[in-house]
Each structure stands twice: as structure tokens, then as C-alpha cells.
Amino acid sequence: MTTVTAINADEGAGLYALSHLDALESEAVHIFREVAGEFERPVILFSGGKDSIVMLHLALKAFAPAAVPFSLLHVDTGHNFPEVIAYRDNAVARHGLRLHVASVQEFIDDGRLRERPDGTRNPLQTVPLLDAIEKNRFDAVFGGGRRDEEKARAKERVFSLRDEFGGWDPRRQRPELWQLYNGRHSPGEHVRVFPLSNWTELDVWQYIAREKIDLPEIYYAHEREVFRRGGMWLAPGEWGGPKDGETVERRMVRYRTVGDMSCTGAVESDAVTIEQVIDEIAASRLTERGATRADDKLSEAAMEDRKREGYF
Amino acid sequence: MTSNLTSGEQAAAAAVERSAATSQLRFATAGSVDDGKSTLVGRLLHDSKSVLADQLEAVEHASRSRGQEAPDLALLTDGLRAEREQGITIDVAYRYFATPKRRFILADTPGHVQYTRNMVTGASTAELAVVLVDARNGVVEQTRRHAAVAALLRVPHVVLAVNKMDLVEYAEPVFAAIAEEFTTYAASLGVPEITAIPISALAGDNVVTPSANMDWYGGPTVLEHLETVPVGTDPSQDPARFPVQYVIRPQTAEHPDYRGYAGQIASGVLRVGDAVTVLPSGRTSTITGIDALGTLVDVAWASQSVTVTLADDLDISRGDLIAPSDHVPQTTQDVEATVCHLHDRPLRVGDRVLLKHTTRTVKAIVKDIPSRLTLADLSQHPAPGELAANDIGRVVLRTSEPLALDAYDASRRTGSFLLIDPADGTTLTAGMAGDSFAASAQGAESARDDEGWDF
């Protein structure tokens, strides 16, 4: 038997151990407070999806009993789930927050953006987002992106410097060491901040369960009209579905992510409680994005390419 | 959500509870370009069933389109266009996987010589480093470099993974000799714990499942070791350090006089009733309350984000440090440190920079660069004048204001700092205060030709 162990380190600190959710929570709160301490005009990107809802929950905890010192920014594709918009407005009112809305529809109406032939508006969000950042002179923009979502996101920093075009250059990122985040930037540049970088989809759900956080109902299984396209169940709507040959049917579904209706697929599910949702995710053989996002399937580097252009 | 849970639902809720209470290990991998590091990481993810069907399908598709017969597990981790095109890893990536026992954050760091800074980055938050060696080549210069970085960054646990055992007929003496050489070397640098494991990442021996080909090996597989290695240190052994991040002052009708100091405890334990001193001012007070994110507690410890209230209304702001009055760190404007230079723009004697330490950023001047270190053989090059990207060296700095800096070997959190270019905000250099082997290492090679330095 050959086992080489030079010197045994001390036994771990059982008494002072933190559960992984506590460790993730502490880290995220630290990131929120760093931004509050170092930036002039931070904003939280808020889509009404579970990640942004968790971000808001963490921000509320980080500054209690004072108010959250940031406003919210919603990039509205115009193809929203009504439940999500209702949730958004309710959250804003309940916590006395200020909401900015950047509207893709407005950009299409005045000709600054053109509708894509496939009808999806997800990639169109970048232009109104960058416009809102510039107009409001936001210098730090919190996003709910997680590194477990996608290969290109696995390379993303917690503090991600963006140039005046919002662009991300993976080769020119600042190295990030210890818990020392560098938020310095030149005028015109801004920093994207990802407090949930080290969280996985399961962590987010476990945290939602532990903290008893309310979510829009579409995250739990419910009977809904859907139709099949590209291997996914999509919700019909003004955005342009279904088309010829696609038929609407009623099914028990729920959503793993919330985005533009044109490209966010539902999964068939019986999970009506959060415990059932967690069980389902723990047993799932598909990633969150693989199961529900059409736009990530466009090419092997779809996410990297969109991020380079200023997308989250 | 529901008031009447079925027994199945109760079991599910219990499972949620259990899995949410698991511990977390941050670790980093290091290996030379062809040591099979990506394959090891891919194997670890794949065999621990952390790769989902759509990811595997994408890898199989990409492998087929490259004309490879078996799925290339390295493709699981090479995420950027340039990486896939060149078949190399160019930047640190973070990966996540979990077993029923523990949750893992892996800093997947490139092994190529020119990316030493990336291993430093990955190792800075790691509690364990996996150093990969090709069993056919044994301990090479690059291996010593990785061991030295792990020692310099004070990574508490190091795993030597002797890979490609299948190519040396799974021979015990080959493994034993490499393990012996590495352990002697790493222990001499101060690495506290070293575990050597013979593996084949390609064949899957001893990565997740015990190898049938090496019954002479009685130790754990890589995954077993990752699952059982003790995490964290005992915070009660260290003096408390609480850098003030943000002052919370609601000034509302409900909280007219509330003044809380928010931050993440960098080391040690804070208790209500502790007599504390605030640096750099030196004023003293007593802790009257600790709010651990919504729960009032009597005690809190390292890495918890909390808000502290004090008995006296002191002038305290972001950048101040709260410490127990009987364990106050010394403050200084003269900083001596070992640094790893990160940026292509060199660091020169006379440079004016910003120094970020905990929550405090001050101006600093590079007064001297006494030496530069070759990690491979630990030889010193005196007075190099400047440090280029990936160089490790000693630096003397003078700061505009006093810093409450601990030695890095006493606290990774309060002994570390960044140097930042004041002109454009670029992160230039990573610093570790106090002595290290880099300050005392003796090199007979000081006369060595500069051309021989490859990073």
C-alpha cells in the first residue's frame, strides 16, 4: 500500500463550518456591498426570472434595515409572460424601488431595430440595454448570470469590465484574485457584476426553498396552451406563434428559465411544489439552457458571440 | 407552499434540507499542456455524473466532426472559440459539480508556462490544488513550478495526480519514486499536506472509481479524497479581522439612529461584547450587536457577511478595519511583499500605482524590486529593475496612508493585495505581504543567463 501524506492538516472546523448556501449567500452579499461602496450609479438587471428575483432578495438582505441603494432595469422584449410583468410591478411597489424599462418594441417602432425573420427578440435586447446604460450613466450593472449555465459563461469574471460598446473580450479580462474585486473603469465603460457567478441552478432553487421566496407561477407546473417547435414547447402569443402546421394543445408544463416568449421553452412537468421542482432538477439529464433556450442552439459559440456584442 | 405534505413530499423536503447543508470545496487544477488535465477534469465531471445529456451530445457531435472516434472529454471544458480552434485552454474557467457529500467549485487553470498568472489566480481562493504529472516524465520543471505556486499562495492541501499510469504498465515503483520526489520538494516549500494518487484520466483509473489495475494502491480515488479532505480552518485560532465595507444608515422614522458597519469577516471570530479597536484611527469601542443577514447573533466567524453595531458613535467608514483590542495588527506605510505580476505592461521601480487591500485603496510607489524568482529551481535574480507578466518577485512599496496589513502566511485575506494602474484601472499585480520562501530562497544560479528565463 502506497499512500503518501506528508503532514496531516488540522481537522476541519466543524463548529464554525458554513453550509454551502450560507457560503454562497455571504459571497453574493459581499459583492453587492463592494459595488455599493465603489460605484456611483449601479443598477440591477431585473427580468422577473428566478435569478434576478434571488439577486433582489440578496440585495434586500445586504443593506437591511436600510433600503436597497440601487434601482432596477428591465429590458422589455415586448414578448413577456403576463405573470412575470405582474410579479415585477408588485416587487417594485412592495420594496419601494425605482424601475427603468428599456423597451425593444420602442426601438422596433421607431426603426432603430428590425424584427428578425425567426421572430425571436432575445438577441435584440442588447441595443436597448446599452442605450439605457448610456442614457442613465449606469456604471455597474448587476446581472443574474451564472457560470454553470454555459461554457463561455464559465470564463466570466464576477466583475466584468465592458468597453463603451458593452463588449466583452475574453482575452482581455482582468484576473480576479482572492475576494479583491477591481471596479475601476474609464468614463463610458461600465462593469457588469455577477453576484451569482458561483451558484448553480440547483443552488438557486435550494436557496429559494430555504428563504421561502415567492416566484411567478409559471415556474411551477400548471396546465397551459403550448405548441411544439424545434423540439420545445412554446407558449402561443402575439409574438407570432403558432405558425402553419403547428397546433396548440393543453399540457402540464413549467418553465426552468424566463425570457422572451419566442425562445423560452416549457418543460413537461408535474412539479407543483418547490420540493418537487428541486427533485425534478436534481434528476434532470438536461441543462437548464439545453432544455429551454432556442437561441443558444444557434451555434457552438452563440453565447460567446452575443456576450462579445454586449449581451449578458 | 402546501400544508398537507405526502410522505413522498416530506422525504423530498428532507432531501432538500440535507443537500442544502453540504459543505463546499474550492479547488484548482494545474498541469502541463499534455499532461491530460482537461481529460482529468472531463473524466471527473463525466464519471461523477455531472455532465448532462445535452452537454455530452454536444461533445460527441464536436468530436465526430473533428474525426475523433471517442468523445473527447477535454471539449467539455474548452469553452471559447480560440480554445477549441487551438486545442488549448487560455484562461481560468470555473466549473461546478456536486456529489451527495460535497459541492465543488473547480478553478480550471491552464498549465502553459506563459499562464503562470492564471494558476496564481485559481490558487488564490483554492483550498486544494491538483498537480498533474505524466508518469512517463516524472517531476519536471513545470511540476516544481506548480508546487511552488501552491506553496506561495498557501493552498492548504495539494494532490499529486500521477497520470497516464496505463502507459507505464501501472507499475508501483514508477509511482512511488515520483511521489517521493514531489513530496520531499513540496514539503520543503511549506506545503502542509500532500496526497499522491496514481491515475489514468483517459482510462478512468482511480479518478472516480478505484482501479482494478493497481491493487497495490491503498489510498483514495481523486474524487474520494476531494469529498473527504477537511475544508476550512478553525477561525477561533486566528485573531478577528473585520474590514468595513459599507456603512448602513437608514435614517428612517423606524431607525433614526441606526448605524451599522457591514462587511465580510476576513478572519477569526466576532462576539457581542468584544472590545474592539478601529484602524487606522485607533479609536476603541465595544460590539453591541451582530446581524447575520437578518438573524441577530452573539457570535459570527470568518467568511460570514454581517453587520456590526458598536457602543460608541465613532467616525468609521469604508476601508477601516475593526479588530479585537487585544490583537490589533500593526499599521505600516512600508510594505514588503512577494508579488506575481499579471499584466503585459511591466512593473518598474518608481511606478506610481494604487494598492487595494481588503476594502481600502491607497496610492503607492514601487520603491524597490529586490529580486525576481525562478519558480522551477527557486533561484533568485537580484535587482531585476522590473517584473514582466508572469514574473514572481519581491517588491518594496511605500503607501500614502497606513495599512493594517497582516502577513500573508497568517491570513490569505488580510495579507493579500492588488496593484492597480491609476490611469486606466488595469489590474497589474497580485501581492502577498510579508516573508515567503521567495524572500529567503538561495540560488546558486544568480549568474544564470537571462535568456534562460521563460516566464
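How many salt bridges does a search of the whole structure find over all chains? I ran the search on this predicted model and got 43.

**Confidence**

The mean is 85, and 87% of the residues of chain A reach 70 or more. Residues 1–13 of chain A fall below 50, and this stretch has 34 contacts in the model beyond near neighbours in sequence.

**Salt bridges, one by one**

I began with Lys61(A) and Glu25(A), whose closest N and O atoms are 2.7 Å apart in a salt bridge. Lys61(A) sits in helix α2 (residues 50–63) and Glu25(A) in helix α1 (residues 20–38), both of chain A, and the pair links parts of the chain 36 residues apart. I checked burial for the two: Lys61(A) is buried, and Glu25(A) is buried as well. I then found Lys61(A) and Glu25(A) in a salt-bridge network together with Asp22(A), Arg210(A) and Glu211(A).

Next I took Arg318(B) and Glu34(A), a salt bridge with 3.0 Å between the closest N and O atoms. This pair crosses between chains: Arg318(B) is in the loop between β15 (305–310) and β16 (321–324) of chain B, and Glu34(A) is in helix α1 of chain A. Glu34(A) counts as buried because its relative accessibility is 2%.

Within chain B I looked at Arg345(B) and Asp424(B), which form a salt bridge at 3.1 Å, N to O. Arg345(B) belongs to the loop between β17 (331–341) and β18 (347–348), and Asp424(B) to the loop between β24 (416–420) and β25 (427–433), so the pair ties together parts of chain B that are 79 residues apart in sequence. I have Arg345(B) as partly exposed at 33% relative accessible area, and Asp424(B) as partly exposed at 29%.

**Asn182(A)**

Is Asn182(A) buried or exposed? I found a relative accessibility of 6%, so Asn182(A) counts as buried. Asn182(A) lies in the loop between β5 (159–162) and β6 (190–193) of chain A.

I listed the polar partners of its side chain. A polar atom of the Asn182(A) side chain is 2.9 Å from the backbone nitrogen of Arg184(A). The side chain of Asn182(A) also reaches the backbone oxygen of Gly425(B) at 2.8 Å.

Setting aside neighbours within four places in sequence, I recorded contacts of Asn182(A) with Phe159(A) and Arg174(A), and with Leu418(B), Ile420(B), Gly425(B), Thr426(B) and Thr427(B).

Technical notes
Residues numbered from 1 in each chain as written. Chains lettered and ligands numbered in written order. Predicted model: local features only at pLDDT ≥ 70, side-chain atom pairs only at ≥ 80, totals over all residues. Heavy atoms only, no water. Helix = DSSP H or I, 4+ residues; strand = E, 2+ residues; numbered from the N terminus. Buried < 20%, exposed > 50% of the residue type's maximum accessible area, 1.4 Å probe, protein only. Polar contact = N/O pair within 3.5 Å; in protein donor to acceptor, adjacent residues only side chain to side chain. Contact = heavy atoms within 4.5 Å. pLDDT = per-residue confidence, 0-100. Salt bridge = Lys/Arg side-chain N within 4 Å of Asp/Glu carboxyl O.
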